[in-house]
Amino acid sequence: MKKNLHKRLIVPGLALVLFVSTTAFKSDFFEIAKQIEIFTTLFKELNMNYVDDTNPGDLMDTAIKSMLDDLDPYTQFYNEQDVEASRINNDGDYTGIGAKVLTLKDKLVIIEPYKGYAADKTGLKAGDEIIKVDNVIVSDFKDDIANLLRGAAGTEVMITYKRQGQTNTVKIIRESPEIKAVPHYSMVDEKTGYIVLRKFNDKASYETIGALRALKNQGASRLILDLRGNPGGLLNEAVNVTNIFVPKNQLVVTTKSKVKKYNKTYYTRRDAVDTEIPLVVLINGSSASASEIVSGALQDVDRAVVVGTRSFGKGLVQRPKALTYGTQMKITISRYYTPSGRCIQALDYWNRDESGNATRVKKENYNTFTTRNGRKVFDGGGIEPDIEVKFTKQTPLTKAILNENLIFNFATDYYYKNTLNDLNTYKFPETEFNKFKNYLKNSGFDFETETEKALNKAMVVAEGEELDGVVDSEFHNISAAIQAYKSNAIDANKTQLKSLLTDEIIKRYFYSEGLYIYYKANNPEIKKALSILNNPSQYASILR
């Protein structure tokens, strides 16, 4: 917290100058005026008298963004340059190479080339490290390096990349890929349809309806809706997707704010497509926002059985606000609530811990609500599924491995050393898991548990109080126990790690489309959904 003290000194008045509505905060008017005056005089004196030349714009930008760091990560300020970059990025004529790209410090890494689009057609593969775009060396570029790949459809760009130690250059013609909200739908068996909804864009409900009708024409009399990994999107599309399965005038979501005009209720507005088809919704820890509105609403009105792991827990609503001199901000204005009254926000950004980190709502502090049929549901930690597939829930270890891209990098090496011809029968070999463990060891991977962090902090305090000699042996005993746990943790998480490795490897050979096909025959959540749908009495009893 101390390292930002010099920045935070100029924050309070700034917040008030730019963002505060005196109508909303009328009772604090004197305090607002006071802080405005303090800020104005401080900023003036600082720029006039500081020993080195200052840049007022940079100071202001730092002050604003430092202040917003104390709120939630969704409330953001956009200076004039940020606004222009955002405008360009959202312009339909400003497109790219047709690939999902990871931005690292000194390079761009292809995460997934979209099948049949520009990057794929020129032979770029997942794992390729882009080091140069036209004549610009990526590591020397100081702005958003992903912008180097964007440009008008039809224009050329030269890409220099590294693959398995070799450097290559290709010419790519930029295009406008249409990334579908529903990238896949098909029959799992003679009666069960499967729809993957990847994002809530302006075509989400339209594509979902089209998929449902197509599947019903193929004989689907029950449905699995897959929202795993769906980060959300448009709130109105969340309402429209819910409306596919529930009738007109059903409450879907409520937003509540301290500003009265932002308090809104959203109801379904059309006749449903199908209110009777048995429905299972799949969610996981990456299902957020609009995905949680849909799964939460369908759960609250007892219209679907929710299967998987607890969702992300984003219950905050943002709105853009225009500011002076071409600047803007996106501000959290309200929280949203499911029909039963739940707010599923998991992180508390307003009551932080001693280190300034947001705290997670504790399970003992969850509030109980009831669905239409009287089933108990809870707030405070995302949407809890009706049926949990426990082993798929990410642990601190698997999260750390994923965050360091170690599964991704291992899959890249695997792809260039192995062939894979049969999609449906593929199983990640046991010998390869042993290689993966050695790979983790050789990479220097080591994750610090929360217990270790607390223990090390306690030892620092003990040294300050000259108690380290007293507790030293106990400290080493606990440390040894933690290290023993960590050394066994890879094997303890073997099932989940093998599943994650399998998914990443399947995508290398067969793209995301192949992964969805593989899921239908092998995925445990889909198998669980099928077992529920195959047992009508179990399905009905869950919803009762």
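**View 1. Ser289 in the loop between strand 15 and helix 9.** Ser289 sits in the loop that joins strand 15 (279-283) to helix 9 (290-300); helices (H or I, at least four residues) and strands (E, at least two) are DSSP runs, numbered from the N terminus. The model is predicted, so local features need pLDDT of at least 70 and side-chain atom pairs count only at pLDDT 80 or more, whereas totals for chains, interfaces and linings use all residues. Residues are numbered from 1 along each chain as its sequence is written, and side-chain values use heavy atoms, with hydrogens and water left out. Although Ser289 is not a glycine, its phi is positive, at about 55 degrees. With a relative accessible area of 13%, Ser289 is buried (buried means under 20% relative accessible area, exposed over 50%, partly exposed in between, with a 1.4 Å probe and protein chains only).

**View 2. Asn249 in the loop between helix 8 and strand 13.** The loop that holds Asn249 runs between helix 8 (235-243) and strand 13 (251-256). Asn249 has a phi near 70 degrees, a positive value in a residue other than glycine. Its relative accessible area is 57%, and Asn249 is therefore exposed.

View 3. The buried residues are Leu235, Glu237, Ala238, Val239, Asn240, Val241, Thr242 and Asn243. Their cover includes helix 7, strand 13, strand 14 (264-267) and helix 9, where contact means heavy atoms within 4.5 Å.

View 4. Ala204, Ser205, Glu207, Thr208, Ala211, Leu212 and Leu215 are buried in helix 7. Seen down the helix 7 axis, the buried residues fall within an arc of 160 degrees, so they line one face of the helix; the arc is that of the directions from the helix axis to the C-beta atoms. These buried residues pack against strand 10, strand 11, strand 12 and helix 8. Tyr206 and Asn217, on the other side of helix 7, are exposed.

View 5. Strand 23 pairs with strand 16 (residues 305-308) in the parallel sense over two bridges. Glu388 in strand 23 is the bridge partner of Gly308.

**View 6. The hairpin of strands 8 and 9.** Strand 8 (residues 156-163) and strand 9 (residues 166-173) pair in the antiparallel sense over eight bridges. Thr160 stands opposite Thr169 of strand 9. Two residues lie between the strands of this hairpin, and Gln164 in the turn has a positive phi of about 50 degrees.

**View 7. Helix 12 and its buried face.** The 13 residues of helix 12 (residues 430-442) should span 18 Å at 1.5 Å a residue, and the end C-alpha atoms, 19 Å apart, agree with this. Glu432, Phe433, Phe436 and Leu440 of helix 12 are buried. Viewed down the axis of helix 12, its buried residues fall within an arc of 105 degrees, so they line one face. Thr431, Lys441 and Asn442 are exposed on the other side of helix 12.

**View 8. Leu279 in the largest nonpolar core.** The largest nonpolar core has 85 residues, and Leu279 is one of those with the most contacts inside it. A nonpolar core is a set of buried Ala, Val, Leu, Ile, Met, Phe, Trp, Tyr and Cys residues joined through side-chain atoms within 4.5 Å. Leaving aside neighbours within four places in sequence, the residues in contact with Leu279 include Leu223, Phe245, Arg303 and Tyr539.

Notes: The expected span of a helix is 1.5 Å times one less than its number of residues. Two strands pair if DSSP finds at least two bridges between them.
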